Amino acid sequence: QVQFVESGGGLVLSGGSLNLSCAASGGTISEYHMGWFRQAPGKEREFVAAIRRTGAHTAYVDSVKGRFTISRDDAENSIFLQMNNLKPDDTAAYYCARARGTWGRSSAGDDYDSWGQGTQVTVSS
């Protein structure tokens with residue numbers, strides 16, 4: 001069964017950039033919608049972004065629109081999250097996941113499984 005490993009997190013100043021990677025192994029992502037989520041201490045997991053299986057459509061939570069870009073490279077069996085103009089409120093552990101439902105559900109942050117272990121993003125003022 002598929003496993004995911006996130007990488008690319010770190011400590012950055014406000015206004016800085018990071019590019020997160022999520023590498024899949026043990027299975028392909030090419031037939032699935034994919035997404036990024038984040039969770040800060042003491043808060044619920046939050047949907048961040050999704051990309052359709054074809055890569056033709058993307059969806060974002062309002063707070064990251066214009067700053068974050070989700071992409072995929074099926075040949076590398078990976079998805080990415082380019083994060084620009086980072087803010088302290090972006091501080092969280094970031095997770096990638098594979099969707100099991102329709103694009104309508106996936107683009108709203110619903111019906112995901114096969115979660116990765118997370119990578120920490122910390123943004124300081």
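Glutamate 46 is partly exposed, with a relative accessible area of 30%; here buried means under 20% relative accessible area, exposed over 50%, and partly exposed in between, as found with a 1.4 Å probe on protein chains only. The model is predicted, so local features need pLDDT of at least 70 and side-chain atom pairs count only at pLDDT 80 or more, while totals for chains, interfaces and linings use all residues. Residues are numbered from 1 along each chain as its sequence is written, and side-chain values use heavy atoms, with hydrogens and water left out.

**Salt bridges**

- Side chains of opposite charge can pair when their charged atoms come close.
- The structure holds eight salt bridges, each being a side-chain nitrogen of Lys or Arg within 4 Å of a carboxyl oxygen of Asp or Glu.
- Glutamate 46 pairs with arginine 38 in one of these salt bridges, at 2.8 Å from N to O; arginine 38 is buried, its relative accessible area being 6%.
- Arginine 98 and aspartate 113 form a salt bridge whose closest N and O atoms are 3.9 Å apart.
- Because arginine 98 lies in strand β9 (residues 92-99) and aspartate 113 in strand β10 (residues 112-113), this pair ties together parts that are 15 residues apart in sequence; strands (E, at least two residues) and helices (H or I, at least four) are DSSP runs, numbered from the N terminus.
- Arginine 98 is buried at 15% relative accessible area, whereas aspartate 113 is partly exposed at 24%.
- A salt bridge also links aspartate 111 to arginine 105, with the closest N and O atoms 3.2 Å apart.

**Nonpolar cores**

- The largest nonpolar core has 26 residues, and Phe4, Trp36, Val48, Phe68, Leu81, Met83 and Tyr94 have the most contacts inside it; such a core is a set of buried Ala, Val, Leu, Ile, Met, Phe, Trp, Tyr and Cys residues joined through side-chain atoms within 4.5 Å.
- Strand β3 supplies the largest share of this core, four residues.
- Another core, of eight residues, lies apart from it and includes Phe37, Phe47, Ala50 and Trp103.

**Serine 106**

- Serine 106 is placed in helix α1 (residues 103-106) and counts as buried, at 0% relative accessibility.
- Leaving aside neighbours within four places in sequence, serine 106 is in contact (heavy atoms within 4.5 Å) with His33, Phe47, Ala50, Ala99, Gly101 and Tyr112.
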